[in-house]
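Q: I'd like to learn how to read pockets, cavities and sheets in a model. Please take me through them one at a time.

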Amino acid sequence: MKKFISMLLAVVMVFALCAASASAETDIKVGMICIGDENDQGYTYNFIRSTETASEALKAEGINVEWVFKYNLVEGDPVAEANEELADDGCAIIFNNSYGQEPAMLQVAKDYPETVFVGCTNEGSWKDNLDNTVNAFSRIYEGRYLAGVVAGMKLQEMIDNGEITADEAVIGYVGAYSFAEVISGFTAYYLGAKSVCPSATMKVQFVGSWSDATEEANAAQALCDMGCKIISQHSDNTTPATTAEKNGVFHTGYNADMLAAAPAASIISTRIDWTNYFVYAIKAVVNGETVDADYSNGLAEGEVVLTTLNEDICAAGTAEKLAEVEAAIADGSLHVFDTDTFTVAGEKVESCLALDMDGDFTADTGEAIYDGYFHESEVPGLQSAPFFALRIDGIEWVNEAY
């Protein structure tokens, strides 16, 4: 009888634990406003895959996320309307995934103080007077430096094999706009390439859009026509990769693995993995905690990553070199914007005021260069979004319009 009672108590306890576990689960509705859609296989696709991995991680902790997506919204009134609709629909936190969406998001946020609005890759929300608006931007320049190392090793191998001369080691870069975020990225990329291929130079052509597949292809073609041997990009689509492949030129990408799109050209890509941030921000909202006003992590935290290296076309020794450089960035022994590695108009840069992405000096931030390097996304009091905008030697801007 005692054995039966013990067994009965054990069963009751199991049911009680199961009930407690079930009752501990939390449901949350989360909005995501995207500049593109899942078909771009680049920028928006990268966000979507991070929502999926974040949902899995949160579910393991008893948090069930219902994502509500709004696609193909660039800026202005459509973005404002989408934010309103998501807030009215009960979304507790809304992510806006592109730079141009933030002004419209901020217009709406003041009317929904109980909803958290996140400007991803932005810089205005952390310094406004609203408690419910925040920014997030990982240190993608670290990943771009690594991708540049891959490109530089390929160029140097081509030089060593007699396929090109040293002065033909030219990189072409498709840039969205000519402001700090893009400048920071392609400068980091170039410095990575130059660290292993000293003769490398770069040409940048801007397209005036984050996502315009046709214009990105046109820019990549123009760069190939100028003799560029490797194409890279800060734009949302795979067309620079496919254009490079058509021209027999190599490519390194952004946002997603572009190997499937251009297997004969694509060596590697770098991307931000938003999983950790989504988990952090959503858990904070669920637990009634404050989401950091400005958030930035990088390689060391696993939030900037590289896609699989294309061993069929990369230079010999690339994997080993990547591991070495990545470890040095992560442990702080290598700084991407080391001032001993670049010049401006032939001179070493000893001082530079920290500017925000609009080019405005923020009085309480001051000097960006100290301890021998430019502290990109690290200056206390300034946004995590990139603010490096120096035009260094070795990089030619093909056009200036954007």
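Q: How many nonpolar, polar and charged residues are in the lining of the largest pocket?

A: First the general idea: rolling a probe the size of a water molecule over the atoms shows where empty space is left. On a 1 Å grid over the protein atoms alone, a pocket is an open set of points with protein on both sides within 12 Å along at least five of seven lines, while a cavity is a set where a 1.4 Å probe fits but cannot get out; lining residues have an atom within 4 Å of a point. Here the largest pocket has 10 nonpolar, 4 polar and 5 charged residues in its lining. Ala, Val, Leu, Ile, Met, Phe, Trp, Tyr, Cys and Pro count as nonpolar, Asp, Glu, Lys and Arg as charged, and the others, Gly among them, as polar.

Keep in mind that this is a predicted model, where local features need pLDDT of at least 70 and side-chain atom pairs count only at pLDDT 80 or more, though totals for chains, interfaces and linings use all residues. Residues are numbered from 1 along each chain as its sequence is written, and side-chain values use heavy atoms, with hydrogens and water left out.

Q: Which residues lie nearest the centre of the largest pocket?

A: Those are Arg139, Tyr141, Glu142, Ile329 and Glu378, out of 19 lining residues. The space comes to about 200 Å³, counting what is filled by probe spheres set on grid points that are joined across faces, edges and corners. Helix 5 (140-160), helix 10 (318-330) and strand 14 (373-374) each supply at least two lining residues. Helices (H or I, at least four residues) and strands (E, at least two) are DSSP runs, numbered from the N terminus.

Q: What about the cavities: how many of 30 Å³ or more does the structure hold?

A: There are 2. The largest, at about 70 Å³, has a lining that includes Tyr43, Trp210, His234 and Asp236.

Q: On to sheets. In what order do the 6 strands of the parallel sheet run?

A: Strands of a sheet pair through backbone hydrogen bonds, either parallel or antiparallel. Two strands count as paired if DSSP finds at least two bridges between them. This open sheet runs 2-1-3-4-5-11. Strand 2 (63-70) and strand 11 (294-295) are the edges, each with a single partner strand, so one side of each has no neighbour in the sheet.

Q: Which way do the residues of strand 3 point, and are they buried or exposed?

A: In a regular strand the side chains alternate between the two faces of the sheet. In strand 3 (residues 93-96), Ile93 and Phe95 point one way, Ile94 and Asn96 the other, and all are buried, meaning under 20% relative accessible area with a 1.4 Å probe and protein chains only (exposed is over 50%, partly exposed in between). Strand 3 pairs over 4 parallel bridges with strand 1 (residues 26-33), where Met32 stands opposite Phe95. Strand 3 also pairs over 4 parallel bridges with strand 4 (residues 116-120), where Ile94 has Phe117 as its bridge partner.
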